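Visitor: I am new to this structure. Please take one part of it, the salt bridges and the core beside them in your account, and walk me through it closely.

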Amino acid sequence: MRESFWGIMIVGLGIVSMFLVYFFQNITNTSDHNYELLKETTQAAMYDSLDLAAYRYDGTVRIDREVFVESFLRRFAQDATLQHQYHITIYDVYEEPPKVSIKIETMGAETTTTITGEGTSFLLTHRVDAILETKW
């Protein structure tokens with residue numbers, strides 16, 4: 001009888017540990033995906049918004065604000081996870097020298113448990129301050 005209780009306890013601990021690994025893996029994957037998406041989208045949008053006419057005219061490296069915002073939102077929307085809601089805040093866009101500050105908050109990263117039936121919600125926030133560096 002005592003050995004059967006040990007077996008039940010080991011199976012129960014295995015199920016609980018698998019649940020915890022799945023729960024934290026889901027949160028970690030969402031956080032990593034959002035950070036990489038934010039970083040790469042910002043860099044690509046900055047390259048898209050380079051003002052080549054100004055560079056050809058007098059050699060200044062600058063970006064166009066409206067083109068940057070449009071390109072960033074388009075690229076981010078294409079690759080964002082559809083199961084989450086995002087709140088994008090663009091703090092400042094300096095055209096010359098090229099610098100941007102962006103914050104992304106992932107809303108709706110909610111995980112419900114079947115044991116208690118309660119939902120646990122996390123607000124994941126990522127912020128990037130980017131300066132465009134070129135070899136020109």
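Guide: Start with a rule. A salt bridge here is a side-chain nitrogen of Lys or Arg within 4 Å of a carboxyl oxygen of Asp or Glu. Keep in mind, too, that this is a predicted model. The chain has a mean pLDDT of 82, and 85% of its residues reach 70 or more. Confidence is highest in helix α3 (residues 65-79), at a mean of 91. It is lowest in strand β2 (residues 99-112), at 76. Both elements come up below.

By the rule above, the count comes to eight salt bridges. Side chains of opposite charge can pair when their charged atoms come close.

How open are the two partners? Arg75 has a relative accessible area of 27%, which makes it partly exposed. Asp48 has 34% and is partly exposed as well.

The next pair is Glu95 and Arg62. Here the closest N and O atoms are 2.7 Å apart. This pair also links distant parts of the chain, 33 residues apart. Glu95 lies in the loop between β1 (85-94) and β2. Arg62 lies in the loop between α2 (52-58) and α3. Glu95 is partly exposed, at 23% relative accessibility. Arg62 is partly exposed too, at 24%. These two residues do not stand alone. Salt bridges that share partners join Asp51, Arg62, Arg65 and Glu95 into one network.

Lys103 belongs to strand β2. Is Lys103 buried or exposed? Its relative accessibility is 18%, and buried means under 20%, so Lys103 counts as buried. Glu105 is buried as well. What else does Lys103 touch, leaving out residues up to four places away in sequence? Its contacts are His87, Ile88, Thr89, Tyr91, Thr125, His126 and Arg127.

Now turn to the core. In soluble globular proteins, nonpolar side chains tend to be buried together. In this model the largest nonpolar core has 17 residues. Those with the most contacts inside it are Phe68, Phe72, Val100 and Ile102. Helices α1 (2-48) and α3 and strands β2 and β3 (119-131) each supply at least two of its residues. The largest share, four residues, comes from α1.

Val100 shows how this part is packed. Leaving aside neighbours within four places in sequence, Val100 is in contact with Thr42, Met46, Ile63, Phe68, Asp92, Val93, Val128, Asp129 and Ala130.

Thr42 lies in helix α1. Its relative accessibility is 2%, so Thr42 counts as buried. Beyond residues up to four places away in sequence, Thr42 touches Phe68, Phe72, Val100, Ile102 and Ala130.

Definitions and conventions
Residues are numbered from 1 along each chain as its sequence is written. This is a predicted model: local features need pLDDT of at least 70, side-chain atom pairs count only at pLDDT 80 or more; totals for chains, interfaces and linings use all residues. Side-chain values use heavy atoms; hydrogens and water are left out. pLDDT is the predictor's confidence in each residue, from 0 to 100. A nonpolar core is a set of buried Ala, Val, Leu, Ile, Met, Phe, Trp, Tyr and Cys residues joined through side-chain atoms within 4.5 Å. Buried means under 20% relative accessible area, exposed over 50%, partly exposed in between (1.4 Å probe, protein chains only). Contact means heavy atoms within 4.5 Å.
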